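Here are some notes to keep beside you as you look at this structure for the first time. Take the points in order, with the view open.

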Amino acid sequence: MNSMIDLRSDTVTKPTKEMLAYMMQAEVGDDVFTEDPTVNKLEQQLASMFSKEAALFCPSGTMSNQIALRIHTQPGDEVICDIHAHIYHYETGGMAVHSGIQPKLINTTDGILYPEIIEPQVNTDADWLTKTSLIVIENTCNRAGGTYYSLDNIKNIYHLSRNKNLKLHIDGARIFNAIVENDYTAADVGAYCDTISVCLSKGLGAPVGSLLVGSKEDIKKARRIRKQMGGGMRQVGILAAAGRYALKYHITDLKRDHLNAKKIYDVLRNVRYVKHIKPVHTNIIIFELMADINPLKLEEKLKEKGVRVSSFGKHIIRMVTHRDITNEMMDRLLFVLREIEKDHEKDIILNK
Ligand SMILES: Cc1ncc(COP(=O)(O)O)c(C=O)c1O
């Protein structure tokens, strides 16, 4: 039987045999006592990759983002972010719960902010205005379709943040997807932000984990908040080893995921059931269906054919390519996407 082509997210990636073998030989200790040698190595490795002083291993990207919001703000403050931001849409209102802050959303189509659009949104220090204390940019931006920032733009936003006395956090859940598409390094990005969160459990293929990277002082605060949130872990070197393996062997493979995403784009832009497809930049494909297509029926039909996708709002579908999509799966997928148009369009029309 053919295996399922699961494009719901790059978080569905499973550890390889080699990664599992590497995990099994990890040296471990109690990480709450900072005594897990593998976690310590991973934190030092990532800190030095991003030219920062320290890093903290967290169970999820949501936790590392939420900790960043806490260390950079005070209750009652506001954070400037794009309207597509993960911290706004998909962290279950965490910024209100954990930090008592509110978002100031900037409306873009591609998820990319620029200093000129941020600057007018920064409040003056009038008593009656909410204090703006933080800017968050998401690189790559998930909800906007995997778009990425140029280094110049990051630098300019960073300079604005210095001039306005604001902090800058990067949600870098997929920062390595941005890095393999650009001529900047992790160290370049780290030089122009206060903190960055980096996920290991998405396209890099580790089963769990995200790190918050920043100054010694910020990461010391972050450790305390992580414990308070219940994220202090014990012999977690087994998972940190998976991250170390992924950083060593899986970063360059992301490029292949991007090429696969472009192949899918090339098919979808020419089929009748797709009304509009966002340009593909990395590993995320977002498209809008024609008004007469029933998205649930399309999802069902795809599932029947061995393909899983995410519904991303009314009539919007998201697909994410990742390292577990084999060449054979790609051939099968492209065939199915064309086949639906030819043979099955009648089954996915609304009310039929
Ligand atoms: C941009 C972005 N940030 C943060 C996260 C949160 O990561 P996690 O699912 O590990 O909490 C995600 C998850 O998909 C994401 O896409």
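**Notes on the model**

1. Domain 1 covers 16-249 and domain 2 covers 253-348, with bounds that come from an automatic or database domain assignment.

2. A word on the source. This is a predicted model, in which local features need pLDDT of at least 70, side-chain atom pairs count only at pLDDT 80 or more, and totals for chains, interfaces and linings use all residues. Residues are numbered from 1 along each chain as its sequence is written.

3. Where the domains meet, 13 residues of domain 1 are in contact with 12 residues of domain 2; contact here means C-beta atoms, placed from the backbone, within 7 Å. On the domain 1 side, the touching residues are 3 nonpolar, 8 polar and 2 charged. In this scheme Ala, Val, Leu, Ile, Met, Phe, Trp, Tyr, Cys and Pro are nonpolar, Asp, Glu, Lys and Arg are charged, and the others, Gly among them, are polar.

4. The chain has 14 helices and 13 strands; these are DSSP runs numbered from the N terminus, helices being H or I of at least four residues and strands E of at least two. Its radius of gyration is 21 Å, close to the 20 Å that the globule rule gives for 352 residues, so the chain is as compact as a globular protein of that length. The radius is taken over C-alpha atoms, and the rule is 2.2 Å times the number of residues to the power 0.38. Along the principal axes, the C-alpha trace spans about 60 × 55 × 35 Å.

5. Now for the ligand. Its shell consists of Ser60, Gly61, Thr62, Asn65, His86, Glu138, Asn142, Asp171, Ala173, Cys199, Ser201 and Ser210, each with its C-beta atom, placed from the backbone, within 6 Å of the ligand. Helix α3 (residues 61-72) supplies the largest share of this shell, 3 residues. By type, the shell holds 2 nonpolar, 8 polar and 2 charged residues.

6. Do look at the open sheet of 4 strands, ordered β9-β10-β13-β12 with antiparallel pairing; strands pair if DSSP finds at least two bridges between them. At the edges are β9 (274-277) and β12 (310-311), each pairing on one side only. Strand β10 (residues 284-289) is joined by 5 bridges to the antiparallel strand β13 (residues 316-320). Isoleucine 284, for instance, has valine 320 in β13 as its bridge partner.

Technical notes
Two residues are in contact if their C-beta atoms, placed from the backbone, lie within 7 Å.
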